[in-house]
Each structure stands twice: as C-alpha cells, then as structure tokens.
Amino acid sequence: MSADDTPPGSDPEHPISPLDRRWQAVGERRAHLVTADNPAIAHDYLVEHRGRLKLRFSEDGPPAEVLWRLRYVPDRLVLPRHALDTYMTHLAATPWPLPEAAAAAVVADLGSEVMPRFLQLVLLLDATSGGLRVTFEERRPNWSNPALMARLALL
C-alpha cells in the first residue's frame, strides 16, 4: 500500500483534525443535494418547498419539531424534492448547537450546490421548542427582479 492509498486519519503522523472532520461532514451532507437541469432557465420563477423535521440542539437532548420553508429562484439547476428530503433527513441526524447554525448550514450548502439566483430559508420552532423564527436570504449580486420580489411578500 502506498502513502496515497492510506485512508484519511489512519496515518498516526497525519491524524484527522477537527477541521478535517467538519469539512468531511459538509461534503457528506452536500452529497445528498443531487440537482437537475432547470427546464426553464430563461425565466425567473419561484420554487417553494415546505416540511417538518426534528432537529437536536444538543448531543443528548430531545429533538425539537422544526417547520421549514425553502423558497428559491433557480438559475441553471433545480433541486428535486426527493433529493431535498434525503438531504433534510441527513441534516436531522446531526446535532446542532443552535437553530441558526442548522439554517446557516442549509443556506451555505444550497448556495454551493444549487447556486440559485435567490434563496430564502425559514425555520420555525413553536413555543414548546423555544418559539423561534430564523430567516436567511441570499441573492446573487447581479440578479434583480423587483416584480417577483414584491410578490414574494404576498405569497
């Protein structure tokens, strides 16, 4: 076995660092975001997904019920529902320090893998889980569609 065939972390002189483990977890999470080509790339349109999942905010704490809503304006890629469900299931298997951390991870992952023109993620925890609403929005710097954004608030 050559040095290049050594599995990561098995070399005692080069153990896996906490930063390596963190990036490995990001890569594993993002691998579930299997995209498809946008069938209407010339148009700005809104895609909205909703769901619920149970997230843990400590290693041994009970999971909290979280309602989520994802809205995005696709660019070249769309995210099929089955891929998003698989991704969210994987996300729920990881304990998070805060709901904001989970939301930030989702926004970063979707921004990296789907690269939408606009993205909005809302996580909502009811009163029994802390009564919290977290909203993240991102948009591409050179993208603008004021008419669509004005209607977004009404939807």
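In which hand, left or right, does helix 1 pass helix 3? Select both: helix 1 passes helix 3 in a right-handed crossing (left-handed is when the near helix is turned anticlockwise from the far one by less than a right angle, right-handed when clockwise). Helices are DSSP runs of H or I with at least four residues, strands are runs of E with at least two, and both are numbered from the N terminus.

Before going further, a word on the model. It is predicted, with local features needing pLDDT of at least 70 and side-chain atom pairs counting only at pLDDT 80 or more, while totals for chains, interfaces and linings use all residues. Residues are numbered from 1 along each chain as its sequence is written, and side-chain values use heavy atoms, with hydrogens and water left out.

**Stay on the helix pair.** The axes of helix 1 and helix 3 come within 10 Å and cross at roughly 65 degrees (axes are lines fitted to C-alpha atoms, for helices over the stretch in contact, and angles run from 0 to 180 degrees between N-to-C directions). Show side chains for Val26, Arg29 and Arg30 of helix 1, which meet Ala105, Ala108, Asp109, Ser112 and Glu113 of helix 3; contact means heavy atoms within 4.5 Å. By class, that contact has three nonpolar, one polar and four charged residues (Ala, Val, Leu, Ile, Met, Phe, Trp, Tyr, Cys and Pro count as nonpolar, Asp, Glu, Lys and Arg as charged, the others, Gly among them, as polar).

Color the strands: four of them form an open antiparallel sheet in the order 2-3-5-6, where pairing takes at least two DSSP bridges between two strands. Strand 2 (47–55) and strand 6 (132–139) are the edges, each with a single partner, so one side of each has no neighbour in the sheet. From one strand to the next, the twist averages 15 degrees. Zoom in on strand 2 and strand 3 (64–73), which pair over nine bridges in the antiparallel sense. To find one of them, click Lys54: its bridge partner in strand 3 is Glu65. Then select helix 2 (81–92), which packs on the sheet, touching strand 2 and strand 3. The direction of helix 2 makes about 25 degrees with that of strand 2.

**Last, zoom out.** The chain has four helices and six strands, following the pattern α-β-β-β-β-α-α-β-β-α along the sequence. Along its principal axes, the C-alpha trace spans about 60 × 40 × 25 Å.
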